[in-house]
Amino acid sequence: MSNYGIMRAETILSDQDYSDKPNRSRLVVFFTDGDPGMQGNWGTQSMATANSCIEAANGIKNSTEHAATIYSVGLFSKTEGTADRTTTYLSYTSSDYTDKTEMPTSQSAYVPVSKDKSITVTSASELNNIFSSISQSAASAASGSSVLVDIVASNFNIPTNTDLGEVKVYQVPCTQASATSVISFSPKTATGDLRWIDITNSIGLDKTKQAQGEISVTGFDYAENWCGWDGSANKAHGFKLVLEIPISVKDDIVGGPSMDTNAPGSKLIVKNRAGDVIQELEFISPIVKVPVTIWIKKEGLLSKTADGVQGHEDNAVFTIRKTKFLGRYETDEYGNVFEGAKHIDYIYEKDADGEVVVHKYIVNGVETEIKWTTFTKVTVNMKEGAQDGIAKISGLDADYVYRIEEDAWAHLGYDFDPDETAQYTLEWDETTERYKELSNPFTFSNTPKTKAFYAEDVSRNVFGQGTGQGQGIIVTTSGSDSGSTNE
């Protein structure tokens, strides 16, 4: 019986907690074949069922706890403007009427469907258009007072006040091809009616928090510009908003294969036309690939002016090894994460002979070897008057994982521990399911000798096995010097 469906909807609404989103829209869509009881029979039982349905719907519409909008959709053939028991039953159940609790007793009081909250369709294929129509009405809550907040991630620079004009806001046409196709949008290269419309100077662009990396946009009417198929016009409808910020990578970031361009807090604050906040929707941050930069810092190196160094300065030599970045999780051949799959660890070890141990993982459904290879060697020199030596290695391929170990020294101004190794690593945080950076630069300390003798002023290589303090350089933070686009 149809009244059971409405009563079930009322139960579901009553079970919801709206305390955190008091202005959130509530919608009920009621589908029927037009007969409230036994098909083709508008007898006493059907009339009682219709009255029960209308009464339950009235409770939903007028509840102070969860007042909801009800759409009634009848799948049957009716001549436009027809007013009979069935159209009245649909109309009274819908939010077209908020004061009805039962069917009228006189035929003269029968009403047609409004085509707004009460609707009839003749075939299932028309339901796609109905859903678009309902979506349009439901979107009316997202008014032009809604706020798009874009917070650029701290790894990137955004335009300064002098060139903030480079920030652009576009209105992008919806190009959905048919009622049954997926919603699509025009490319930026489109011309004519499908071109991107620059609305930067006609929209509310808030720059007051630009120094903190935050830019906000207001004045875009999301309700008016709803995107989807317009059944009445038989064409695509609406626009989406695109905020384009030309960002650049900061000089002191590490880089990696998938760096978020946006910080947490980037969101759409949805407001209705009265200015009340309905809900806040955080959007997915675009990610970009950035070359990796690593800093190696050697503490305690002696300069050539230090007592006993006799005109020579300390040097430290490091080996950088790499292995291919395969991904974050074990996956099947289709790229789906296995149930219970583990995050891929990029493990670096050596066997008793000093050879790198090969580890195997299931990646993309294939047993894959992870083997470390020597990439390059780096010398850290002591600069005159400085206390510590620092070397910077830039432009490393973001699709690799890197590890550094100290394997040699020169001029012997300090005692070298061959087991003291370090690696750039981003530790996997199970709570947030994200990588977090542990250390960069690599920092190596040493114990300076009381006096360095010239006789010890030679170079030696000591390829220590190392202690394997971490799991390699997992490079996953990222950024772009070509800009980010948020929608």
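Residues 24 or more positions apart supply 74% of the contacts with a separation of 6 or more in the chain, where contact means heavy atoms within 4.5 Å. The model is predicted, so local features need pLDDT of at least 70 and side-chain atom pairs count only at pLDDT 80 or more, while totals for chains, interfaces and linings use all residues. Residues are numbered from 1 along each chain as its sequence is written, and side-chain values use heavy atoms, with hydrogens and water left out.

The chain holds four helices and 32 strands (DSSP runs numbered from the N terminus, H or I of at least four residues for helices and E of at least two for strands). Of its 487 residues, 45% are buried (under 20% relative accessible area with a 1.4 Å probe, protein chains only; exposed means over 50%, partly exposed in between).

Five strands form an open sheet in the order 8-9-4-15-16, with antiparallel pairing (two strands pair if DSSP finds at least two bridges between them). Strand 8 (204–206) and strand 16 (277–282) are its edges, each pairing on one side only. Within strand 15, leucine 268 is the bridge partner of leucine 148.
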